[in-house]
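Me: I have just opened this structure and would like to learn how to read it. Could you take me through some features, giving the general idea and then the case here?

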Amino acid sequence: MSIDLQLNIDETPIQKIIHPILVENNVNLFVKRDDLTHPLISGNKWRKLKHNLIFAKQQNINKLISFSGPFSNHLYALAGASRLFNFNSEVIVRGPQLDANNPCLKFAAACGVKLTPVSRLTYRRRNDLDYLTELQNNKPDSLIIPEGGSNQLAIKGMIELAHSLPDVDEVWCATGSAGTLAGLVEGLPEKTKIRGVAVLKQADYLNETVKQLSPKAQHQTNWQLLTEYHYGGYGKFNAELWQFCQNLRHQLPLEPIYTGKLLFTLFNLIKQRRFPAGSKLLAIHTGGLQGLNGLRYRNLI
């Protein structure tokens, strides 16, 4: 297999959103449709995984280890990539038990991924250096990829995303593990304002994560993480947010966990006239539409 992974993915399109609120407030809103990257490994998950997979192939590493919750977009994408590119992957899943009927876990198992459930107490150690060192020592022929896929190799893919974007006033993204936001800061010109909408509670710590992943973020002031628009926390949303996703679906498929929260927040800020007339805003659609299956499975939508 060649180092380019033999997956020829065209650059995703940019779509202009048409809506009365945008017209009324004289704001131009565009969406980078990274949900269209690939059916199995879409959005920022492909961007993050790409250079991790290339590195693994370059080092003749065929085993990948990562961490995820049971309905994770990262798990789904890693499983798809493992099947496409013949990696033997193990994902340590927040447990302690696994539901065999969970659609995300069923897909991962069908792709040949080894699913190892651990207690929530053990899972909390997923970023602990001693724990990771022990894991690496026990599995020396493996590449460990962090939860969400955000590491220095992932930043290379996000910089490629940044370089594909047109000249706009502001670029917005949903923020979970901070890799997308960090990569945009690293790859976009300093004149562009960059905003991340945290999708989990108490996310102020991600400011430091962005700075760790992006040297530019340590001294540039053109970026900001907004932490007050999580709508209940990770994986949670209210009826108004879900209705917004449904109302916009004729233009744009959305889920209420990542990009749905992002655009709902943007529209509310536009209605509050937070942006100058004539502003050009661009939002990153980071994929994750497979998550709708998990929400339906749990009767949340």
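Me: Let's start with contacts: which residues does Ser72 touch, not counting residues up to four places away in sequence?

Reply: Contact means heavy atoms within 4.5 Å. With residues up to four places away in sequence not counted, Ser72 touches Cys104 and Gln290. Keep in mind that this is a predicted model, where local features need pLDDT of at least 70 and side-chain atom pairs count only at pLDDT 80 or more, while totals for chains, interfaces and linings use all residues. Residues are numbered from 1 along each chain as its sequence is written, and side-chain values use heavy atoms, with hydrogens and water left out.

Me: Where does Ser72 lie, and is Ser72 buried or exposed?

Reply: Helices (H or I, at least four residues) and strands (E, at least two) are DSSP runs, numbered from the N terminus. Ser72 lies in the loop between E3 and helix H3 (73-85). Buried means under 20% relative accessible area, exposed over 50%, and partly exposed in between, using a 1.4 Å probe and protein chains only. Ser72 has a relative accessible area of 12%, so Ser72 is buried.

Me: What does the UniProt annotation that covers Ser72 say?

Reply: UniProt positions are given in the numbering used here, feature names are shortened, and annotations may be inferred rather than shown by experiment. In this case an unreviewed UniProt entry carries the annotation "active site" at Ser72.

Me: What does the side chain of Ser72 reach?

Reply: The idea here is the polar contact: a pair of N or O atoms within 3.5 Å; within protein, one must be able to donate a hydrogen and the other to accept it, and residues adjacent in sequence count only if both atoms are side-chain atoms. The side chain of Ser72 reaches the backbone nitrogen of Leu75 at 3.1 Å. At the start of H3, a side-chain oxygen of Ser72 also comes to within 2.9 Å of the backbone nitrogen of His74.

Me: How should I read helix H3 itself, and how many of its 13 residues are buried?

Reply: Begin with length: the expected span of a helix is 1.5 Å times one less than its number of residues. The 13 residues of H3 should therefore span 18 Å, and this agrees with its end C-alpha atoms, which are 18 Å apart. H3 is mostly covered, with 11 of its 13 residues buried. Those buried residues pack against H2, E3, E4, H4, strand E5 (114-118) and helix H12 (291-297). Just after H3, Asn86 takes a positive phi of about 60 degrees.

Me: Which residues does Leu75 touch, apart from those up to four places away in sequence?

Reply: Leu75 sits in helix H3 and counts as buried because its relative accessibility is 0%. Its contacts include Ser68, Val91, Cys104 and Leu115. Leu75 and Leu115 are 40 residues apart in sequence, and their C-alpha atoms are 9.8 Å apart in space.

Me: Which residues of H7 are buried, and where do they fall around the helix axis?

Reply: The buried ones are Ala154, Ile155, Gly157, Met158, Leu161 and Ala162. Seen down the axis of H7, they fall within an arc of 160 degrees, so they line one face of the helix; the arc is that of the directions from the helix axis to the C-beta atoms. Their cover includes strand E2 (28-33), H2, helix H8 (179-187), helix H9 (206-213) and strand E10 (280-285). At the start of H7, a side-chain oxygen of Asn151 reaches to within 3.3 Å of the backbone nitrogen of Leu153.

Me: Do E2 and E10 pair in the parallel or the antiparallel sense?

Reply: Two strands pair if DSSP finds at least two bridges between them. E2 and E10 pair in the parallel sense over six bridges, and Arg33 has His285 in E10 as its bridge partner. Strand E1 (residues 14-16) pairs with E2 in the antiparallel sense over three bridges, with Ile14 opposite Lys32 in E2.

Me: Finally, what is the backbone like at Asn60 and at the bond from Gly95 to Pro96?

Reply: Asn60 has a phi near 55 degrees, a positive value in a residue other than glycine. Asn60 lies in the loop between helix H2 (43-58) and strand E3 (63-68). The peptide bond from Gly95 to Pro96 is cis, with omega near 15 degrees, and Pro96 lies in the loop between strand E4 (88-94) and helix H4 (103-110).
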